[in-house]
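Here are some notes for a colleague opening this structure for the first time. Please keep the view beside the text while reading.

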Amino acid sequence: MGEFKVHRVRFFNYVPSGIRCVAYNNQSNRLAVSRTDGTVEIYNLSANYFQEKFFPGHESRATEALCWAKGQRLFSAGLNGEIIEYDLQALNIKYAVDAFGGPIWSMAVSPCGSQLLVGCEDGSVKLFQITPDKIQFERNFDRQKSRILSLSWHPSGTHIAAGSIDYISVFAVKSGSAVHKMLVDRQYMGVSKRKCIIWGVAFLSDGTVISVDSAGKVQFWDSATGTLVKNHLIANADVQSIAVSDQEDSFVVGTAEGTVFHFQLVSVTSNSSEKQWVRTKPFQHHTHDVRAVAHSPTALISGGTDTHLVIRPLMEKVEVKNYDAALRKITFPHRRLISCSKKRHLLLFQFAHHLELWRLGSTVATGKNGDTLPLSKDADHLLHLKTKGPENIICSCISPCGSWIAYSTTSRFFLYRLNYEHDNISLQRVSKMPAFLRSALQILFSEDSTKLFVASNQGSLHIIRLLEGSFKHLHTFQPQSGTVESMCLLAVSPDGNWLAASGTSAGVHVYNIKHLKLHCTVPAYNFPVTALAIAPNTNNLVIAHSDQQVFEYSIPDKQYTEWSRTIQKQGFHYLWLQRDTPITHISFHPKRPMHILLHDAYMFCIIDKSLPLPNDKTLLYNPLPPTNESDVIRRRTAHAFKISKIYKPLLFMDLLDERTLVAVERPLDDIIAQLPPPIKKKKFGT
């Protein structure tokens, strides 16, 4: 594996935004997640829960509701009073429509997927028709006295339930008038509260309305008579969210105490056909409010203020022990927020509204393997670059020479030239950047820092030549066969001749930069690409997919390499395939062509192609053999995979030079320390 000096960096002060809403799509098995900063992420549950798409946030878009409609269409609504539809191909906002009812608190799509309901601050419930290219206002329902905080359709589409403050209304869709108004008890632990907020409602086929409220209750109502049937007091704080399974035999609720409760419909006795709702399992995977829950056929999904997306498998529904059987906690985005200038030992950190440039520290001390060496020079915070306007930064990059910084928002592209004079940095902005560069999803500099590659959300790839303080547009590769496919990942060869680009589907295109033409397309694979890189000297393209498969493709020969064919024939170790976090970065050792360096959030791995592959009977995470063992035994236990789990959670790792690595870690305790305090719970009668 070789010995490396490692810079352990823990000053990337990144805190993910809290989760506000989740929406599960049964047809495509995808999960949409919106965060408090307006960012919307889409996870492909069939592809090992990979975060395959994201829409950058915006200061004025506080999303309060999220839902899927027929034809894989995604809508959101929030406190700015607008309904937004997202373009899932171009990864931008298709349009925004003002509902004219003040802030929107809730939204629901009809069972047939052709109508959209929104609940507003002014007490109005508005019905929109979903047309092929837009949404069209149809009518208002009877206005209520207070804001509409939750909505749910009856599966037949004839009635809706609307949760407000102190009461639940049942509307007939045909007339738009309220049929019943059910007053909620304000009693909370024997004390009358001023108001009871209905945070969530669910309308079942048999006419039952389930409500969750700020008094810690889950209540069952008969919508035909408007009466309370059953009452469960489950928390000392708000119950904030509810989601019901498609079969209506179980539902999940999330509380402000961080607990998720699972309710199931079970028979009263073993022979009885009569069934009742029973609270079966509590789960405590969150430290703070659980603001949103979803129910997939095989799992309970929850998210909240503590920023984690938790997927808890329902073991009775999981048939085989595979990805679906693992409990997952997704905290960090599956895209890179850090770039590195190897020449100057600089790191560029990307935040929502600013960039930070740091110079790594150094040491003159020496020590033996595993020692922590004292710094003779501390890390320097060189630059704090703040964006103007309300838009979040989509992507950013620093050039290998450290002289250029580029970043993009939805509407603007920025390029800066950096000049170094001893310890002082001067910044010169390159003006008049062309409009076609905005909404860039990925930015990459060539190894010699003379070219800039920009992947747009319209599927085109732009090549810019960098001059002293200015630029020249060289070429644009248009998307293939008229498709608009956003390019999310880029890799350039060290010799500057080849550019590989991967889109939101599984395809990878390789372009010849010298002749400015498409060279080849790597055969399509079922799972999305999570990382790619081109090796020096050989120009072999290494591709990692979300199912943990790694391929090596020879660009000059336009075929998979012999090593790649061997590994596909033998197969990866079962423990390698059971990992549940995607590989996010691949790099290579400049003096060891047989080594591939890659990492995910919880391990760093060097694959030595000269050694045999491990089979399922060997140890994958093999500890180093004792020094007194003979070389024969040492060689027998050695295999191609050398894995280190010392650094975690690992957001970035790369080689600075032949003997030096930089590892950027973000301990979860540091994130929790910056969150608001959770609800204080009494323990052991104190």
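At its relative accessibility, does leucine 91 count as buried or exposed? Point 1 answers this, after a word on the model.

This is a predicted model, in which local features need pLDDT of at least 70 and side-chain atom pairs count only at pLDDT 80 or more, while totals for chains, interfaces and linings use all residues. Residues are numbered from 1 along each chain as its sequence is written, and side-chain values use heavy atoms, with hydrogens and water left out.

1. Leucine 91. With 6% relative accessibility, leucine 91 counts as buried; buried means under 20% relative accessible area, exposed over 50%, and partly exposed in between, with a 1.4 Å probe and protein chains only. Leucine 91 sits in the loop between strand S8 (82–87) and strand S9 (92–98). Helices (H or I, at least four residues) and strands (E, at least two) are DSSP runs, numbered from the N terminus. The phi of leucine 91 is positive, about 55°, although the residue is not a glycine. Most residues other than glycine have a negative phi, and most peptide bonds are trans.

2. Two further backbone points. Asparagine 29 also has a positive phi, near 55°, and is not a glycine. Asparagine 29 lies in the loop between S2 and strand S3 (30–35) and is partly exposed, at 22% relative accessible area. Elsewhere, lysine 648 and proline 649 are joined by a cis peptide bond, with omega about -10°. Proline 649 belongs to the loop between strand S55 (641–644) and S56.

3. The chain as a whole. The protein chain has 4 helices and 57 strands. Its radius of gyration is 27 Å, close to the 26 Å that the globule rule gives for 686 residues, so the chain is as compact as a globular protein of that length. The radius is taken over C-alpha atoms, and the rule is 2.2 Å times the number of residues to the power 0.38. Of the 686 residues, 57% are buried.

4. A four-stranded sheet. An open sheet of 4 strands runs in the order S2-S3-S4-S5, with antiparallel pairing. Strand S2 (19–25) and strand S5 (50–55) are the edge strands, each pairing on one side only. Two strands pair if DSSP finds at least two bridges between them. Strand S4 (residues 40–44) pairs with S5 over 5 bridges in the antiparallel sense, and asparagine 44 stands opposite phenylalanine 50 in S5.

5. Strand S57. Strand S1 (residues 5–9) pairs with S57 in the parallel sense over 5 bridges, with valine 9 as bridge partner of valine 664. Strand S56 (residues 650–657) pairs with S57 in the antiparallel sense over 6 bridges, and a hairpin through 2 residues joins S56 to S57.

6. Arginine 666. This residue is in the loop between strand S57 (660–665) and helix H4 (668–672) and is buried, at 2% relative accessible area.
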